[in-house]
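This report describes a single protein chain.

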Amino acid sequence: MSCFVNRMQRKRERKTRNEQQEMLTPAAPAQETYACTNCGNELFSAAAKFDSGTGFPSFWQHIDDHVKQQFLDTYGRERIQLLCSSCGQHLGHLFPNKKTPTGVRYCINKEAIAISEEV
Ligand SMILES: [Zn+2]
């Protein structure tokens, strides 16, 4: 029995050692949601927003399948374009980022998102 408890404890310790999220500074209360300015589709949770230092609103995760990713190969540069899955509005681009838990950064145009009123 005590053996089982020890195993549970070890599992918990491993979890707390995962400190990736502490590298991020939440910029807004976690309950808020950012929605598409064109159609109101909820795109990002404020809990996934962070300050990237680029001046662009940046997120490390989108909501469900509300953001569409489109592979771009223009001017010899490979980029992933982000679109609203509902209306197709251009939101920004997806970049690799070592600091985020997901390994990517959603670089979003300020004009494309607004804090959703209904939460
Ligand atoms: Zn939209």
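## Confidence of the model

The protein chain has an average pLDDT of 83, and 72% of its residues score at least 70; pLDDT is the predictor's confidence in each residue, from 0 to 100. The model is predicted, and local features need pLDDT of at least 70, side-chain atom pairs count only at pLDDT 80 or more, and totals for chains, interfaces and linings use all residues. Residues are numbered from 1 along each chain as its sequence is written.

Confidence is lowest in helix α1 (residues 2-16), with a mean of 55, and highest in strand β4 (residues 58-59), at 98. Helices (H or I, at least four residues) and strands (E, at least two) are DSSP runs, numbered from the N terminus. Over residues 15-22, pLDDT stays under 50.

## The open sheet

An open sheet is formed by 3 strands in the order β2-β1-β9, with antiparallel pairing. Two strands pair if DSSP finds at least two bridges between them. At the edges lie β2 (42-45) and β9 (113-115), each pairing on one side only.

Strand β1 (residues 33-36) is joined to β2 by 3 bridges. Thr33 stands opposite Ser45 in β2.

## Ile108

Ile108 belongs to strand β8 (residues 104-108). Ile108 counts as buried because it has 23 C-beta neighbours inside 10 Å; the cut-offs are 20 or more other C-beta atoms within 10 Å for buried, 12 or fewer for exposed, and partly exposed in between, with C-beta atoms placed from the backbone.

The C-alpha atoms of Ile108 and Gly92 are separated by 4.4 Å, although these residues are 16 residues apart along the chain.

How values were computed
Contact = placed C-beta atoms within 7 Å.
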